[in-house]
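I opened the notebook to look up a few things in this structure. I will go from the whole chain to one pair of helices, and then to the ligand.

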Amino acid sequence: MIYKTLRPWFFELSKKDPEVAHEVAVGALKFMSRNKFLLSLMRGELFEGRLTQELWGIRFPKPVGLAAGFDKNAAAYPALATMGFGFIEVGTVTFLPQSGNPRPRIHRFPKDQALVNYMGFPNVGAYKVADNMHKAGTIGVPLGISLGKSSCTHVEDASLDCISSLRTLYKLGDYFTVCVSCPNSPGVRELQHKKYLFHLLKEMVDSSSGFSAALKIKRKPVLVKISPDLSRRELDDVLEAVADAGVDGIVATNTTADLDVLTSGHSLKAGGVSGAPLFMRMLEKVGYIRANLKKIPIIGVGGIMSSEDAYETLAAGANLVQIYTSFIYNGPSAANEMNAGILALLRENNFRDIREFNRFFCRLLN
Ligand SMILES: Cc1cc2nc3c(=O)[nH]c(=O)nc-3n(C[C@H](O)[C@H](O)[C@H](O)COP(=O)(O)O)c2cc1C
């Protein structure tokens, strides 16, 4: 309510460069994250028994999580965790720090309920992120870490780069996502090609087993995040690599590089569209993946703007969902409202809880 009143003013102030709004928001969340007293005042109920499920032996208290890209440097997630997200994915982190593409690199399209971003993985690098996470500690909900190839690393050396980040951050995340689908960072989408993908994913999965054995801790799941722009044949190749490499889950999808999905006029030449125009593409990918890989956990993300969208994504085959653009347009209450809406829809459809829903859709994976 307060956010919706303040939003036009906030958007107007950052009209020339919407990233300013992002920086102000992350700055405030970072400040709150460092103040344990403030956090304790903000913290709501973390667990909602009827929405709680287990994947990879990890308890997810609610199905709606925050997508990668908002808390790139893992500096604000303790405050974000108080806003009702059932899990948070930080990053994308590259091994080397990098500044990303020139600004402005975020554009808002309110009529389309969309954003276009051309960020290119700006982040402080794996070591500094590890330092931030050591200071922040645990937050009571699962924490994913998105890993990507540094811009200056050659496509053929991507696994060395990502494994170095995995090693640096291994103890700190509950799961890791290899992002091979960012349209804004040089060479990243090439990694989805079968020439590179199996090798990269196998090395990451094997490294996860190796690090867990060396540290004598539980093996952490490795997921891969894919593009909504893959053709059927390309997606089939990706699914084959996922199955052969023993990848633990799929995050579908990243932004689309197809700027024609916007109905508003613009003069942009590059970037990735997120928000409402992405929804049907994402849903189609989730459904196709579920039809072909019955047992793999899927995180659905892309244009989920309402609890109805989230419910439809779960029904199409996802186990969890993530939001980003909806958080920007609907504000701090977005996750709580969406989780409450899912619960209401479960009840309307005569499901006692999310476990019964999963049983009905034969999606009890553990
Ligand atoms: C400004 C911005 C930055 C993003 N940065 C990343 C990123 O670093 N890594 C990543 O995997 N996805 C990134 N994404 C993609 C989101 O995680 C998500 O997949 C996409 O926005 C679709 O979800 P949505 O429609 O709910 O926003 C970014 C999205 C936006 C809008």
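Entry 1, the whole chain. I keep in mind that the model is predicted. Next I looked up the extent: along the principal axes, the C-alpha atoms fill a box of roughly 50 × 50 × 45 Å. For a compact globule with 366 residues I would expect a radius of gyration near 21 Å; the protein chain has 19 Å, which agrees.

Entry 2, a helix pair. I noted that two packed helices are described by the angle and the distance between their axes. I picked helix H6 (residues 158-169) and helix H7 (residues 194-215), whose axes come within 10 Å and cross at roughly 25°. Angles under 35 degrees count as roughly parallel, and H6 and H7 are therefore roughly parallel to each other. The crossing of H6 past H7 is right-handed. On the H6 side, the residues in contact are Ala158, Ser159, Cys162, Ile163, Leu166 and Arg167. On the H7 side I listed Tyr196, His199, Leu200, Glu203, Met204, Ser207, Ser208 and Phe211. Sorted by class, this contact has 8 nonpolar, 4 polar and 2 charged residues.

Which residues are closest to the ligand? I found 27 residues around it, the closest being Ala67, Gly69, Ser274, Tyr324 and Thr325. I then checked which elements supply at least two residues each to the shell, and noted strand S6 (114-117), strand S11 (272-275) and helix H11 (325-330). By class, I recorded 13 nonpolar, 12 polar and 2 charged residues in the shell around the ligand.

How values were computed:
Residues numbered from 1 in each chain as written. Predicted model: local features only at pLDDT ≥ 70, side-chain atom pairs only at ≥ 80, totals over all residues. Axes fitted to C-alpha atoms, helices over the stretch in contact; angles between N-to-C directions. Helix = DSSP H or I, 4+ residues; strand = E, 2+ residues; numbered from the N terminus. Parallel < 35°, antiparallel > 145°, perpendicular 65-115°, else oblique. Left-handed = near helix turned anticlockwise from the far one by under 90°. Contact = placed C-beta atoms within 7 Å. Nonpolar A, V, L, I, M, F, W, Y, C, P; charged D, E, K, R; others polar. Near = placed C-beta within 6 Å. Rg over C-alpha atoms; globule rule 2.2 N^0.38 Å.
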